Amino acid sequence: MTFAASLAAAAKESGIELTNAQLEAFTVYNDLLVAWNEKVNLTAITAPHEVAVKHVIDSLSCYDEQVFPDDAAVIDVGTGAGFPGLPLKIYRPGIRITLLDSLNKRLNFLREIVERLGLAGVEIVHGRAEEAGRQKTHRERYMVATSRAVARLNVLAELCLPFVSMGGHFVALKGAQYRDELDEAGVAITALGGRIADVRTVRLPGLDDSRAVVYIQKISATPGAYPRRPGLPEKKPL
Ligand code: SAM
């Protein structure tokens, strides 16, 4: 099956509506991802069906129109090859997305795909979350911060909540360990000004692994001491 056919089938099974133009955009994304992956390590997932399900549909599984209003400013922390930020932008073009990563090689891929797709309202930022989260231009400037496969939830809360404006959400896409991570992250989430608003389990087409999307709402300002200096959130989680 082609990538587009796999994606169309998986989207249908997940109740996600994709236009032909979106299917074409995701096909360009897949082709460029696989081509670039030959020279830059972007992903271990390259089979068309797997890219469709484990990258695109998984990324879109966190979308909720209440959480992501149409013109929302969203930051994807540790975006890598663009997941989940870029699929969200293709799916809901009104979103203004900032793609943040500390590895510039991956950002070069993102620069090319954004240009190829002619996407407006995408900012690509090279840097560490611990530093960007202290800068005035980024701190508490986003309605949503997303993150997938970057760190455990207690670490991630310190990397992501500083970006979120009051009332907005930090949305974490998590794998099978999500319950343990939730237990472990309670103290950090409260200390950083968040509260767990929702935890939704996700089932991807053809897979029976367990995963969940955790929605953490910002209910008070993140204290100025956070995020701590680069590496410390990971080394000494709250
Ligand atoms: N989110 C993507 C995904 O789900 O496919 C990429 C996941 S990859 C395993 C983790 C990414 O997070 C890497 O590209 C890495 O450079 C980035 N990263 C890790 N720690 C970071 C930090 N403190 N600040 C910014 N980026 C970070």
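Helices (H or I, at least four residues) and strands (E, at least two) are DSSP runs that are numbered from the N terminus. The model is a predicted one, in which local features need pLDDT of at least 70 and side-chain atom pairs count only at pLDDT 80 or more, whereas totals for chains, interfaces and linings use all residues. Residues are numbered from 1 along each chain as its sequence is written, and side-chain values use heavy atoms, with hydrogens and water left out.

An open sheet of seven strands, with mixed pairing, runs in the order E3-E2-E1-E4-E5-E7-E6, where two strands pair if DSSP finds at least two bridges between them. Strand E3 (122–126) and strand E6 (194–202) form the edges, each pairing on one side only. On average, neighbouring strands are turned by 20° against each other, direction ignored. E2 and E3 pair in the parallel sense over five bridges, and threonine 98 stands opposite glutamate 123 in E3.

Helix H7 packs on this sheet, touching strand E1 (73–77), strand E4 (142–148), strand E5 (164–174) and strand E7 (211–218), and its direction makes about 145° with that of E5. Helix H8 (residues 178–191) touches E5, E6 and E7, and its direction makes about 165° with that of E6. Contact here means heavy atoms within 4.5 Å; axes are lines fitted to C-alpha atoms, for helices over the stretch in contact, and angles run from 0 to 180 degrees between N-to-C directions.

A pocket is an open set of points on a 1 Å grid over the protein atoms alone, where a 1.4 Å probe fits, with protein on both sides within 12 Å along at least five of seven lines; lining residues have an atom within 4 Å of a point. Grid points are joined across faces, edges and corners, and a volume is the space filled by probe spheres set on the points.

| Pocket | Volume | Lining |
|---|---|---|
| Largest | about 530 Å³ | 27 residues |

Gly78, Thr79, Asp101, Ala149 and Val150 lie nearest the centre of the largest pocket. Strand E2 (96–101), helix H6 (129–132), helix H7 (153–160) and helix H9 (232–235) each supply at least two residues of its lining.

An unreviewed UniProt entry lists Gly78, Phe83, Ala129, Glu130 and Arg148 for "binding site"; such annotations may be inferred rather than shown by experiment. The lining of the largest pocket takes in Gly78, Phe83, Ala129, Glu130 and Arg148 from this set. Phenylalanine 83 is placed in the loop between E1 and helix H4 (85–91).
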